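Thanks for coming. I will take a few minutes to walk through one model, so please have the viewer open.

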Amino acid sequence: MNSFKDVFERYQWDEVKARLGKVTHSDVLSSLQKKHKTLDDFLNLLSPVATQELELMAKMTQRLTQKRFGKTIQLYAPMYLSNECQNICTYCGFSLDNDVRRKTLSDTELMIEASVLKSMGVNHVLLVSGEANKTVGISYFLNAVRLLRPHFANISIEVQPLSEEEYLELHQEGVYSVLVYQETYHQEVYKEYHPKGKKSNFHFRLDTPDRIGRAGIHKIGLGVLLGLEDWRVDSFFNALHIDYLQKQYWKSRFSVSFPRLRPAEGIIEPNFIMEDKDLLQLICAYRIWNEDLEISISTRENEKFRNNIISLGATAMSAASKTNPGGYAVDVESLEQFETSDERSMEEVKTSIRKAGYDPVMKDWDPAYSGFKKLNH
């Protein structure tokens, strides 16, 4: 059975870092001029020397994004189901070693949260949970999807890694996309960030997108937690992962997100600081390398940056996000996973998108097509 692990093990962290440092300005220009970009071109555009061409990269990114996606931004909102977690992660507010009140939404509370999101015009919801398999496992997720499916056109999930069979069950219940982040591809230090819990198994998490792909999920979302390790090296490995998945599971769509470390209960300070211009370079590198890749920007980023990125590569944005279970209405004081930076309402975000000359879109597919899709799986 094919696995990304086979590809991953052909690369070494330090060797990739050294390659990034050896890229020349002419290498960058050559990559920008090529019609068909490779992973080597992505590495060149990711390099420190590529910052000299950031203005040109931004113009190319704008043109390529409009060509492929038009002038639209898909909007969604997260719904946090639970902050229970059996993992110790040094960067997360939900970490087991944080002495905080835990909460998991009941069926009634799920529907209360859903009603608030619907009143905001939300039609695409992302279900998020801490990793607590005994209390918030596949049975809980299937039940939540069944309750929410009649009320939203698009349901995505960002929960603990599951088995291929469990992903297949979620797919059959109507889950559209699954997001899973490796956090960092630096295998040698991964254990330091994840000292306890199932998440400490680096390779089980690394193989998760393969299980998602084999289950036939429509869209797979990847990313790294920017600030744990060198963002350039981590992002190269993330692109390597996407490149492999696109070739292996070509019927699925793919997206990338850019979570930067944000303040949270018990959180560590970022190991590597990533400035706004660095994040812009990363977004441009992804778009120029891969025109079909969906690019999502969360409310971790501030209002000014999000306004500017509307026309520079973004295809999806969260809005009015609450990162605690019940945060919209049920239990607004429960522990949040991290602090948001952009606290504007959904309507305010829509207004800013329109002012930029773009259209806010509340869904990108219709459930009327789901019967057809099920017949073909």
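First, the ground rules. This is a predicted model, where local features need pLDDT of at least 70, side-chain atom pairs count only at pLDDT 80 or more, and totals for chains, interfaces and linings use all residues. Residues are numbered from 1 along each chain as its sequence is written, and side-chain values use heavy atoms, with hydrogens and water left out.

Start at strand β6, residues 253-257. Helices (H or I, at least four residues) and strands (E, at least two) are DSSP runs, numbered from the N terminus. Four of the five residues in β6 are buried, where buried means under 20% relative accessible area, exposed over 50%, and partly exposed in between, with a 1.4 Å probe and protein chains only.

Which strands pair with β6? One is β5, residues 219-222, in the parallel sense over four bridges; pairing requires that DSSP finds at least two bridges between the strands. Within that pairing, G221 stands opposite S255. Between β5 and β6 the chain passes through helix α12, residues 231-248, and this β-α-β crossover is right-handed. That term means that, with the strands pointing away from the viewer, the path from the first strand over the helix to the second runs clockwise. β6 also pairs with β7, residues 294-297, again in the parallel sense, over three bridges. There, V256 has I295 as its bridge partner.

Next, the cavities. On a 1 Å grid over the protein atoms alone, a cavity is a set of points where a 1.4 Å probe fits but cannot get out, and lining residues have an atom within 4 Å of a point. Grid points are joined across faces, edges and corners, and a volume is the space filled by probe spheres set on the points. The whole structure has four cavities of 30 Å³ or more. Of its 15 lining residues, Y76, H124, L179, K219 and S296 are the closest to its centre. β7 gives the largest share of this lining, three residues.

Finally, some single residues. How many disulfides are there? The count is zero, taking a disulfide as a pair of cysteine sulfur atoms within 2.5 Å. C85 is buried at 11% relative accessible area, and C284 is buried at 0%. H186 sits in the loop between β4 and α9 and is buried, because its relative accessibility is 13%. H186 and D230 are 44 residues apart along the chain, with their C-alpha atoms separated by 9.1 Å.

How values were computed. On a 1 Å grid over the protein atoms alone, a cavity is a set of points where a 1.4 Å probe fits but cannot get out, and a pocket is an open set with protein on both sides within 12 Å along at least five of seven lines; lining residues have an atom within 4 Å of a point.
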